[in-house]
Amino acid sequence: MRKESSIHGQWSSKLVFVLAATGSAVGLGNIWRFPYIAGEHGGGAFVLVYLGCILLIGLPIMMAEILIGRRGRQSPINTMATLASDEGLNRSWSLLGWLGVVAGFLILSYYSVIAGWALSYVFRAGAGSFSGQDADGVQAMFEGLVSDPERLLAWHTIFMVMTMLVVARGVRSGLEQAVRVLMPALLIMLILLVGYAMAEGHFMDGFRFMFRPDFTRLSGNSVLVAMGQAFFTLSLGMGAIMIYGSYLSSRASIAKTSATVVGADTAVAILAGLAIFPIVFASGLEPAQGPGLIFITLPMAFGQMPGGVLFGTVFFVLLVVAAWTSSISIMEPAVAYLVENRGMHRVGAAAAVAGVAWLLGIGTVLSFNHWSGYTLFDRTFFDLVDYLTSNILLPLGGLLIALFAGWRMTERSVMEELGIRRPLLFRTWYYLVRFVAPIGILLVFLRAINLI
């Protein structure tokens with residue numbers, strides 16, 4: 001039976017949902033991962049393939065996850081059980097909900113640790129610690145941080161508490177108020193950084209790198225990487241978009257709001273590249289620096305440039321805000337489940353989820369120092385959790401979402417919830433979610449487990 005609202009509340013407007021869902025999607029993947037993988041795979045050609053994958057895979061799956069969430073109006077676990085029952089299907093489809101909640105929970109445990117790095121760099125940048133540092137100095141600074149478990153644990157704790165405090169306040173007082181402030185602030189900071197790159201960096205070099213395609217540097221592996229980034233950047237398959245969809249008014253257009261969220265998320269990734277690459281080029285550094293681009297290459301660049309203290313601080317505040325809005329959405333599905341199924345108050349539920357995720361995060365903290373020599377399948381604790389979530393649980397969750405919306409729900413139920421009045425648009429989406437997106441996700445999954 002279709003419900004009009006969730007017991008947890010409802011977004012006050014479509015704009016707030018867009019801000020919240022964009023906040024969920026915009027995270028370290030946009031500002032940390034996208035620039036460096038674009039750098040590794042040749043810039044413009046990679047960006048073009050990435051944009052195509054966003055349209056063909058990311059957008060259809062996001063629409064499917066939102067429609068499932070809005071139709072169920074509960075936590076992902078209960079939503080899947082309810083919809084399976086309504087559609088006359090086996091209730092084991094609730095495992096899809098569990099898959100998302102568990103994946104999100106595991107991601108939160110290490111996401112908080114990595115976000116803690118960014119939080120510590122806010123204060124380092126503000127104190128001028130990067131000024132005059134060469135590559136060896138910045139490298140030593142980063143290694144000094146990750147090799148100190150007490151410092152990592154402290155920043156991990158602070159960030160987890162920040163996330164818990166927002167989620168504990170509920171939909172209207174917590175989540176909504178946070179995104180109303182944080183998302184505009186994120187956009188303003190990003191625009192400021194692009195302006196700084198235009199003034200102090202080699203902006204046209206960065207622009208050409210981002211938008212001049214060099215297909216000679218594009219390989220089959222690059223296409224799969226772009227496909228994977230398009231899927232992961234939108235926070236799909238972890239229950240976050242599903243639970244946010246459950247708070248969306250039945251009057252709002254899923255297609256339009258999804259397109260707005262996808263557009264905003266993609267714009268942030270592009271703006272991040274336009275902010276970062278000109279600074280990298282201006283400093284005579286290499287754009288294909290890999291994961292160290294943010295925590296090693298950029299601090300060195302900020303330390304050598306006019307205004308670097310101010311804008312370096314702004315950059316790392318931006319990184320923290322992006323991580324914060326994502327972690328809030330990741331924690332919400334598990335908290336909603338405890339409220340619905342265990343009768344817990346939101347404050348207690350948020351504290352419980354944060355506490356267990358914090359404890360699990362200690363494994364990630366120690367992976368960079370005391371436990372770095374202990375591996376399983378040649379992976380540290382952090383590497384194992386990251387591999388399990390990013391390469392197995394999330395693609396599997398996205399694939400099952402596509403199969404459930406495209407093949408198991410009745411076409412009538414899907415049409416009713418989506419509300420797309422133009423037959424051609426509906427048929428296009430239906431084809432993408434039934435055939436194109438599952439095949440694309442399956443290819444990403446097979447590549448991730450080294451079968452292709």
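User: What makes residues in the lining of the second largest pocket nonpolar, polar or charged?

Analyst: The classes go by residue type: Ala, Val, Leu, Ile, Met, Phe, Trp, Tyr, Cys and Pro count as nonpolar, Asp, Glu, Lys and Arg as charged, and the others, Gly among them, as polar. On that basis the lining of the second largest pocket has 13 nonpolar, four polar and eight charged residues. This is a predicted model, in which local features need pLDDT of at least 70 and side-chain atom pairs count only at pLDDT 80 or more, while totals for chains, interfaces and linings use all residues. Residues are numbered from 1 along each chain as its sequence is written, and side-chain values use heavy atoms, with hydrogens and water left out.

User: Which element gives the most to the lining of the second largest pocket?

Analyst: That is α3, with six residues. The name comes from DSSP runs, numbered from the N terminus: helices are H or I runs of at least four residues, and strands are E runs of at least two.

User: What is the volume of the second largest pocket, and which residues are closest to its centre?

Analyst: The volume is about 550 Å³. Of the 25 lining residues, Ser-253, Ala-255, Lys-256, Ile-420 and Leu-425 are the closest to the centre. Two or more lining residues come from each of α3 (44–72), α12 (254–282), α17 (411–418) and α18 (423–448). A volume here is the space filled by probe spheres set on grid points, which are joined across faces, edges and corners.

User: What makes a space a pocket, and what makes it a cavity?

Analyst: Both are found on a 1 Å grid over the protein atoms alone: a cavity is a set of points where a 1.4 Å probe fits but cannot get out, and a pocket is an open set with protein on both sides within 12 Å along at least five of seven lines. A lining residue has an atom within 4 Å of a point. The largest pocket has a volume of about 1,200 Å³. Its lining has 47 residues, with Trp-32, Arg-33, Tyr-36, Asp-386 and Ser-390 nearest the centre. Helix α2 (residues 28–40) gives the most to that lining, eight residues. By class, the lining of the largest pocket has 26 nonpolar, 15 polar and six charged residues.

User: How many cavities of 30 Å³ or more does the structure hold?

Analyst: It holds two. The largest cavity has about 40 Å³ of space, and its lining includes Glu-65, Pro-76 and Met-242. Helix α5 gives the most to that lining, with three residues. The second largest cavity has about 30 Å³ of space. Among the residues lining the second largest cavity are Ala-125, Phe-130 and Phe-302. By class, that lining has four nonpolar, five polar and no charged residues.

User: Why is α5 called roughly perpendicular to α7?

Analyst: Let's set the angle against the ranges. The axes of helix α5 (residues 94–126) and helix α7 (residues 149–168) come within 7 Å and cross at roughly 105°. Angles under 35 degrees count as roughly parallel, over 145 as roughly antiparallel, 65 to 115 as roughly perpendicular and the rest as oblique. So α5 is roughly perpendicular to α7. The axes are lines fitted to C-alpha atoms, for helices over the stretch in contact, and angles run from 0 to 180 degrees between N-to-C directions.

User: Which residues of α5 and α7 meet?

Analyst: Among them are Leu-108, Trp-117 and Phe-123 in α5, and Arg-151, Trp-155 and Phe-159 in α7. Contact means heavy atoms within 4.5 Å. The contact of α5 with α7 has twelve nonpolar, five polar and two charged residues.

User: Is Arg-73 buried or exposed?

Analyst: Buried means under 20% relative accessible area and exposed over 50%, with partly exposed in between (1.4 Å probe, protein chains only). Arg-73 has 2% relative accessibility, so it counts as buried. Arg-73 is in the loop between α3 and α4 (76–86), and has a positive phi of about 60° although it is not a glycine.

User: Why does Phe-377 count as exposed?

Analyst: Its relative accessibility is 65%, so Phe-377 counts as exposed. Phe-377 lies in the loop between α15 (346–367) and α16 (381–408).
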